[in-house]
Amino acid sequence: MAESLRRLVKTGGFNTLQDKLDLWSSNYLVNTCDQNVSRCCELIELTSRLQGQLFLILNLSAAEGGIYGGCDALKNRLLPWLTQGFTSSNATTDLSLDMMADVAAKDRALSKMRNDYEAQLQDLEEDLNTSRNVSDSLKQELQEAKSKLDEERSASVGEAILNEEDTIRLSTTIKALKDELEIYRSRVGVLENYEVEARRLREDVNLLREEKAILTGRMDYLTSPLPPTSPRTTSSVSSDVVQRVRQAHLVTRFGDMFSRDRMDAMDILRTLSDDHDIHQQIVFACVEEAFHCAKKAYRLYRSKVRSTLQLTHTGPETLEEAVQNYINKNGQLLDVHSIVQDVLLAMNTHPVLSYPPEVDFKSLSLFIRELVKVAWDMSALPNPLDILPARRGELFDDFKYRRSYDSEYSAPLVSHYVWPALQEVLTGKILLKGEAVTRRGATLASPRRSRSPNRAVTPRSGRSPSPRRIMDRSLSPAGSRPGSSLSPRPMSASSSFSSY
């Protein structure tokens, strides 16, 4: 019986019957009479087949109960239906159909509720399992945290029992490491120190003094007396004040660069190579190229100012005086970086200078930057200042230069220059002497070749003493020639008002 019932369920005959009923109901009004009768006969045939299958299953089910198996159900339900000839009244049919529909709806609702209950029960079981897993993980983390806390507690206790000798040893090690760090910082060129900052602040104070002197006309704090009074215009008086104040400041700054900044640059170069003469030539070339690039940039700036003021200039003063007055008030150097880059490019393509391949001119950027600023300010003066042109192998001029400490004093020719001389462009007066190295056979010396990149640099321990210890002097004023006016020496009492 079970096999017959399973086969009936598998064939899905009642589902087919329901589908045919739905199809017939939807097409009933469209079909013809013959088609509707044919549909009804088809359904009756399908129903009879299904009833035959059901009667077969009924017989098998009753046989499983013995001789009297299923007697009550057959008497109460099957026999009354058979006596009526498989038919009943319309009311009974409608009632039975409604009851069957209600039972089917209740079965569906019950099945849905059962499915929902099972789904909810499964979700609850999954949530319970998830909560258990989270609880287990939390317990494990709590255990790990507890063990870690115990380890840290034991470690802290171990650190707390360090004796005084270990503490002193650690402090000594930290101090030694700090000293080593300071040494490394000084070697790589850390430039943010108090001396540079104080120098910058002093320069700002001097510039403010200059502006005050220009705006208020007060000149009583100047050390040098004013020239004899002569009828001059207001513009010329202002230019004279600017010339005096700024020239004294720039001369002092130029001498300070020789005695301090130049030696700092030499120290940087000594970390790259050992050739002291090449270092001096590189520094001198930096000065020449910085002045050349700064003057070139200043000429372009002055030309731009002249072309701008020419369109609106109507005052009693001349156009050149108006340009100079504008530059005196607004001629600060702004684009320092581009000029420094031009100087570095000129140094890398220098036609005469030969330098070791390990020398990197970018390490001298701060020194070149200060040179560019000084050269720009000297070019912007009403009576500009400039360095003297110099050439190797020329006759040594005692009025313009002085010999270096390692020169041959009996040699008449210059081997190379250490620092240029400073002069006024209009008058040609020498303000500060330069420094040169004189040696015999200077004109016969061939240019030095660049070193091989594979050659190692000699350690500093075997070098000669630094020239900073031997040469503790600044530029001397060019006052040795009779009739030349003295300029203030760097850091002297007469130039203390404009010290950098």
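Two strands are said to pair if DSSP finds at least two bridges between them, and the strands themselves (E, at least two residues), like the helices (H or I, at least four residues), are DSSP runs numbered from the N terminus. In this structure, E2 and E6 pair in the parallel sense over 3 bridges. The model is a predicted one, in which local features need pLDDT of at least 70 and side-chain atom pairs count only at pLDDT 80 or more, while totals for chains, interfaces and linings use all residues. Residues are numbered from 1 along each chain as its sequence is written, and side-chain values use heavy atoms, with hydrogens and water left out.

## The sheet around E6

The pairing of E2 with E6 belongs to an open sheet of 3 strands, in the order E2-E6-E3, whose pairing is mixed. The edge strands, each of which pairs on one side only, are E2 (401-403) and E3 (414-419), and the twist from one strand to the next averages 35°; such angles run from 0 to 180 degrees between N-to-C directions, with axes that are lines fitted to C-alpha atoms. Strand E6 (residues 434-438) runs antiparallel to E3, and 4 bridges join them. Within the sheet, Arg-402 stands opposite Glu-435 in E6, Val-414 is opposite Thr-438, and His-416 is opposite Val-437.

Because 5 of the 5 residues of E6 are buried, this strand is largely enclosed by the rest of the structure, where buried means under 20% relative accessible area, exposed over 50%, and partly exposed in between (1.4 Å probe, protein chains only). Both faces of E6 are covered, with Gly-434, Ala-436 and Thr-438 buried on one side and Glu-435 and Val-437 buried on the other. In a regular strand the side chains alternate between the two faces of the sheet.

## The sheet around E4

An open sheet with antiparallel pairing is formed by 3 strands in the order E1-E4-E5. Strands E1 and E5 stand at the edges with a single partner strand each, so one side of each is left without a neighbour in the sheet. The twist in this sheet averages 40° from one strand to the next. Between E1 and strand E4 (residues 422-424) the antiparallel pairing extends over 3 bridges, and Asp-386 has Gln-423 in E4 as its bridge partner.

| Helix | Number of residues | Span between end C-alpha atoms | Expected span |
|---|---|---|---|
| H2 | 15 residues | 21 Å | 21 Å |
| H12 | 15 residues | 21 Å | 21 Å |

In H2 (residues 13-27), Gly-13, Leu-17 and Trp-24 are buried. These residues cover an arc of only 40° around the axis, which puts them on the same side of H2, the arc being that of the directions from the helix axis to the C-beta atoms. On the other side of H2, Asn-15 and Ser-25 are exposed. The buried residues of H10 are Ala-322, Val-323, Gln-324, Asn-325, Ile-327 and Asn-328, and those of H12 include Phe-367, Glu-370, Val-372 and Trp-376.

## The nonpolar cores

A nonpolar core is a set of buried Ala, Val, Leu, Ile, Met, Phe, Trp, Tyr and Cys residues joined through side-chain atoms within 4.5 Å. The largest nonpolar core has 51 residues, of which Phe-254, Ile-282, Phe-367, Val-372 and Trp-419 touch the most other members. Among the elements that give two or more residues to this core are helices H8 (234-270), H9 (276-309), H10 (319-330) and H12 (365-379), together with strands E1 (385-387) and E5 (430-432). The largest share, 13 residues, comes from H9. Apart from this core lies another, of 10 residues, among them Phe-284, Val-414, Ala-421 and Ala-436.

Which residue makes a polar contact with the side chain of Arg-253 through its own side chain? The partner is Glu-370, at 3.3 Å, a polar contact being a pair of N or O atoms within 3.5 Å; within protein, one atom must be able to donate a hydrogen and the other to accept it, and residues adjacent in sequence count only if both atoms are side-chain atoms. Arg-253 lies in helix H8 and is buried, with a relative accessible area of 2%. Thr-252 is also found in H8 and, at 1% relative accessibility, counts as buried. A polar atom of the Thr-252 side chain lies 2.8 Å from the backbone oxygen of Ala-248.

Key: Expected span 1.5 Å × (residues − 1).
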